[in-house]
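Please look over the sequence and the structure below before reading on.

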Amino acid sequence: MVEKRVFIYPPQYKTLPDYRAHSGQPVDVLRELMRGDEYDYEGDRMFLVRAHDGWEGHVWESELL
């Protein structure tokens, strides 16, 4: 079952225009990413999400409402 959440890209971030364009939109959370294999940042868990227009992105758990 795909979980539906709202993606919020923090307003202080000015990079990644695709992420900015999808902020505030509902997304499907497809799966959790594997730390070390798919990302190497410290902090929250990360997820692969998909918006209704087909855009996919890697987002922090804290960016999902």
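This is a predicted model: local features need pLDDT of at least 70, side-chain atom pairs count only at pLDDT 80 or more; totals for chains, interfaces and linings use all residues.

Residues are numbered from 1 along each chain as its sequence is written, and side-chain values use heavy atoms, with hydrogens and water left out.

Helices and strands here are DSSP runs numbered from the N terminus (helices are H or I with at least four residues, strands are E with at least two). Two strands pair if DSSP finds at least two bridges between them. Strands β1 and β2 pair in the antiparallel sense over four bridges, and E3 has V29 of β2 opposite it. Strand β2 also pairs with β3, again in the antiparallel sense, over five bridges. There, V29 stands opposite V49 in β3.

Both V29 and V49 also belong to the largest nonpolar core, a set of 11 residues: F7, Y9, Y19, V27, V29, F47, V49, A51, W55, V59 and L64. A nonpolar core is a set of buried Ala, Val, Leu, Ile, Met, Phe, Trp, Tyr and Cys residues joined through side-chain atoms within 4.5 Å. Buried means under 20% relative accessible area, exposed means over 50%, and partly exposed lies in between (1.4 Å probe, protein chains only). At least two residues of this core come from each of β2 (26–32) and β3 (46–51). Strand β3 gives the most, with three residues.

Aromatic rings are the next topic. Rings of Phe, Tyr and Trp (its six-membered ring) pair if their centres lie within 6.5 Å; planes under 30 degrees apart count as stacked, over 60 as edge-to-face and the rest as tilted. The structure holds eight aromatic pairs. In one of them, F7 and Y19 have ring centres 6.0 Å apart and planes at 70 degrees, so the pair is edge-to-face. This pair links distant parts of the chain, with F7 in the loop between β1 (3–6) and α1 and Y19 in helix α1, 12 residues apart. F7 is buried at a relative accessible area of 0%, and Y19 is buried at 16%. Y39 and W60 also form an edge-to-face pair, with 6.1 Å from centre to centre and 90 degrees between the planes. Because Y39 lies in the loop between β2 and β3 and W60 in strand β4, the pair ties together parts that are 21 residues apart in sequence. Y39 is buried, at 6% relative accessibility. One aromatic cluster is formed by F7, Y9, Y13, Y19 and W55.

Contact means heavy atoms within 4.5 Å. Beyond its neighbours within four places in sequence, Y9 is in contact with T15, L16, Y19, R20, S23 and E63.

What about charged side chains? Side chains of opposite charge can pair when their charged atoms come close. A salt bridge is a side-chain nitrogen of Lys or Arg within 4 Å of a carboxyl oxygen of Asp or Glu, and the structure holds six of them. One joins R31 and E38, at 2.5 Å from N to O. R31 is partly exposed, with a relative accessible area of 37%, and E38 is partly exposed at 32%. Another joins R45 and E61, whose closest N and O atoms are 2.6 Å apart. R45 lies in the loop between β2 and β3 and E61 in the segment after β4 (56–60), so this pair ties together parts that are 16 residues apart in sequence. E32, R45 and E61 are linked in a network of salt bridges. The side chains of R50 and E56 meet in a salt bridge as well, at 2.7 Å from N to O.

Two loop residues remain. L16 is in the loop between β1 and α1, and its phi is near 55 degrees, a positive value in a residue other than glycine. L16 is partly exposed, with a relative accessible area of 43%. Q25 is found in the loop between α1 (17–22) and β2. Leaving out residues up to four places away in sequence, Q25 touches R5, V6, F7, A51 and H52.
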